[in-house]
Amino acid sequence: MYKISYTGDGETTDFLFAFPFFQDADIRVAIDDVVLAADAYGVVENEEFDGGHVVLATPPAVGARVDIFRQIALSRVIDYQPTAKIDPEHLNADFNFLLEAFRDLHSIDIDLVEWRNTHDNVMNMITYTNDMIQDKLSGGGVLGLYQNLLTVLDGALPKLINDYGSITEPADVEDGDDYGLL
């Protein structure tokens with residue numbers, strides 16, 4: 001995709017671009033990733049080189065990113081008649097148009113291997129996080145706390161009982177509330 005970016009200064013409304021286009025509708029303008037309507041700017045072709053300049057109706061704000069890019073609509077521009085002679089200029093223009101449209105489409109293709117790696121990494125992270133949450137909510141965390149409590153009580157109960165002897169023996173002070181140190 002042909003694209004050039006500028007940073008708005010709050011005053012400038014005229015921005016140059018140097019890539020080929022076939023009609024004014026091929027040139028699009030976006031400010032901070034919002035594509036403007038066609039009536040918000042004008043396109044002026046420069047016949048000395050490929051490209052031209054875009055004139056905005058209002059200047060972009062200070063620091064706003066202005067993107068000028070080409071987006072060719074994939075449609076027929078020349079209609080060949082079965083009985084008419086084919087003009088080589090029209091045929092070449094038609095092929096150039098198709099070639100440029102395919103270039104625009106190809107430029108937005110993504111690297112499928114890179115996308116697959118990113119997708120797999122994100123999916124692995126989501127699966128791991130989900131498994132961890134499910135483990136904590138479904139008993140893994142609760143059972144761990146329960147096991148810790150049993151371990152503490154297992155060490156503390158014999159001390160409680162043995163502070164006064166065995167359970168079957170009467171305590172020295174039956175109404176005492178001191179069970180000793182745990």
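**View 1. Aromatic cluster of Y2, F17, F19 and F21.** These four residues form one aromatic cluster in this predicted model. Rings of Phe, Tyr and Trp (its six-membered ring) pair if their centres lie within 6.5 Å; planes under 30 degrees apart count as stacked, over 60 as edge-to-face and the rest as tilted. The structure holds four aromatic pairs. One of them is Y6 with F15: centres 5.1 Å apart, planes at 45°, so tilted. F17 and F19 also make a tilted pair, at 4.9 Å centre to centre and 40° between planes. Buried means under 20% relative accessible area, exposed over 50%, partly exposed in between (1.4 Å probe, protein chains only). F17 is buried at 2%, and F19 is buried at 4%.

**View 2. The Y6 and F15 pair.** F15 is buried, with 5% relative accessible area. Y6 is partly exposed, at 25%.

**View 3. Open sheet β1-β7-β3-β4.** Four strands line up in this order, with antiparallel pairing. Strands (E, at least two residues) are DSSP runs, numbered from the N terminus. Two strands pair if DSSP finds at least two bridges between them. β1 (3-7) and β4 (34-35) are the edge strands, each pairing on one side only. β3 (residues 27-31) joins β4 over two bridges. A30 stands opposite V35 in β4.

**View 4. V62 in the loop between β6 (52-56) and β7 (65-70).** V62 is exposed, at 66% relative accessibility. Beyond neighbours within four places in sequence, V62 contacts G8, D9 and G10 (heavy atoms within 4.5 Å). The C-alpha atoms of V62 and T12 are 9.8 Å apart, across 50 residues of chain.

Residues are numbered from 1 along each chain as its sequence is written. In this predicted model, local features need pLDDT of at least 70 and side-chain atom pairs 80 or more, while totals for chains, interfaces and linings use all residues; side-chain values use heavy atoms, leaving out hydrogens and water.
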